[in-house]
Amino acid sequence: MTTTAIRNGFCGAIGNTPLIRLTTLSEATGCEILGKAEFLNPGGSVKDRAALGIIEDAERRGLLKPGGTIVEGTAGNTGIGLTLVANAKGYHCVIVIPNDQSEEKINLLRAMGAKVRPVCPAPYREPGNYNKIAARLAEELPGAFWANQFDNRANAEFHYRTTGPELWEQTNGEITGFATAVGTGGTLNGVARFLKERNAAITTMCADPMGAAMWSWFRHGHLDIDDGDSVAEGIGQGRVTKNVEGSPIDDAVRVPDRIMIELIYHLLEHEGLLLGTSTGINVAGALKTALKGGKGQVIATVLCDDAQRYLSRLFNSAWLRENNLLPERWGLQRILDEINGLD
Ligand code: PMP
């Protein structure tokens, strides 16, 4: 039986996610603040899209043979997406993950059937970096394919073909702004390129956590400013990846973790949405766009994953205290005032 209401398997269930109006934020700003519910993808995050895009592209190019092995370095969500797409399509998955990522994500990957290799965190320039280890592993394993999410443009292309058009259609072409953070840059690049081609007047905003260099890149054209630190997972980029290259971005904002935490708790307690750390940064970016451009805008952002993946951190008072992030429950007006003051 085929009807348009039935999605074909795991892969067919990826994408076409709801666009949720964030009611308290929309009312407070006089803008429509809309969250693309990527946590409702079947693997639970926005990275299901990149995983499917990369695997389908590798199949088309003959890089992945039936029964083959996919190797990837990932902070978690891409690994989860890749492992589930691999299961659905008959491939194996080896995931190299920095051992400072949440235990929930590592346990999930193992439960899903990936071979997980936790490694010590190391900067990109060092051979011990998790991506470099994944690349070497893929060379050594016979018939293995390195997904290379950071520099494989199949990632951004999938967002250009799916997430961008969905946002355009779901807003009847009335979208005026888009904000998101950068992990690989796939979401930012694919969506921003598609929307700008439809309407060059749409404002595109990069929301950056502290310790990353994308704010510096989009605002000043160099990577020199990357001070501070963030507990946000899945985002925080220090180089211009192939997926970041050529992104048509108008503006950028740096969002401290304190604002991210206050937003995460606000979204949970006042909107009923239990969302992960990167979503706090993204929503702050959407609010910055609202405050800068004034009332009447239609601004979309990405609700990347839900906080079940981070319970041992985000909802654990010992961990929050250690990181000086116990929520103070500022209230929405103070959150908006603080975002207004961000550069
Ligand atoms: N949020 C989370 C939770 C993620 O796992 C990722 C992907 N690493 C992102 C945001 C960023 O998405 P992208 O890789 O498309 O920049």
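Q: Which residue caps the N-terminal end of helix 6, and how far apart are the atoms involved?
A: Look for a polar contact, a pair of N or O atoms within 3.5 Å (within protein, one must be able to donate a hydrogen and the other to accept it, and residues adjacent in sequence count only if both atoms are side-chain atoms). Here the cap is Asn 129, with a side-chain oxygen 2.9 Å from the backbone nitrogen of Asn 131. By the way, this is a predicted model, with pLDDT of at least 70 needed for local features and 80 or more for side-chain atom pairs, while totals for chains, interfaces and linings use all residues. Residues are numbered from 1 along each chain as its sequence is written, and side-chain values use heavy atoms, leaving out hydrogens and water.

Q: Which residues of helix 6 are buried?
A: Buried means under 20% relative accessible area, exposed over 50%, and partly exposed in between (1.4 Å probe, protein chains only). Helices (H or I, at least four residues) and strands (E, at least two) are DSSP runs, numbered from the N terminus. Helix 6 covers residues 130-140, and its buried residues are Tyr 130, Asn 131, Ile 133, Ala 134, Ala 135, Leu 137 and Ala 138.

Q: What covers the buried residues of helix 6?
A: Follow the contacts (heavy atoms within 4.5 Å). The cover includes strand 3 (69-73), strand 4 (92-98), strand 5 (115-119) and strand 6 (144-146).

Q: How many of the residues of strand 10 are buried?
A: Five of the five residues, 298-302, are buried, so strand 10 is largely enclosed by the rest of the structure. On one side you'll find Val 298, Ala 300 and Val 302, and on the other Ile 299 and Thr 301, all of them buried.

Q: In what sense do strand 2 and strand 10 pair?
A: Two strands pair if DSSP finds at least two bridges between them. Strand 2 (residues 32-36) runs parallel to strand 10, over five bridges, and its Gly 35 stands opposite Thr 301. Strand 7 (residues 177-180) also pairs with strand 10 in the parallel sense, over two bridges, and there Gly 177 has Ile 299 as its bridge partner.

Q: How many residues surround the ligand?
A: A residue counts if one of its heavy atoms lies within 4 Å. There are 15 here, and the closest are Lys 47, Gly 183, Thr 184, Thr 187 and Ser 278.

Q: Which atom of the ligand is 2.6 Å from the side chain of Ser 278?
A: A nitrogen atom of the ligand sits at that distance from a side-chain N or O atom of Ser 278. An oxygen atom of the ligand is 2.8 Å from a backbone N or O atom of Gly 183, and an oxygen atom of the ligand is 3.0 Å from a side-chain N or O atom of Asn 77.

Q: Where is Gln 237?
A: Gln 237 is in the loop between helix 10 and strand 9. With a relative accessible area of 9%, Gln 237 is buried. Its side chain reaches the backbone oxygen of Gly 183 at 2.9 Å.

Q: Is Glu 233 buried or exposed?
A: Glu 233 is buried, at 7% relative accessible area. Leaving aside neighbours within four places in sequence, its contacts include Lys 105, Ser 278 and Arg 313.

Q: What is the phi of Asn 148?
A: Most residues other than glycine have a negative phi. Asn 148 has a positive one, near 55 degrees. Asn 16, which is not a glycine either, has a positive phi of about 50 degrees. At 16% relative accessibility Asn 148 is buried, whereas Asn 16 is exposed at 53%.
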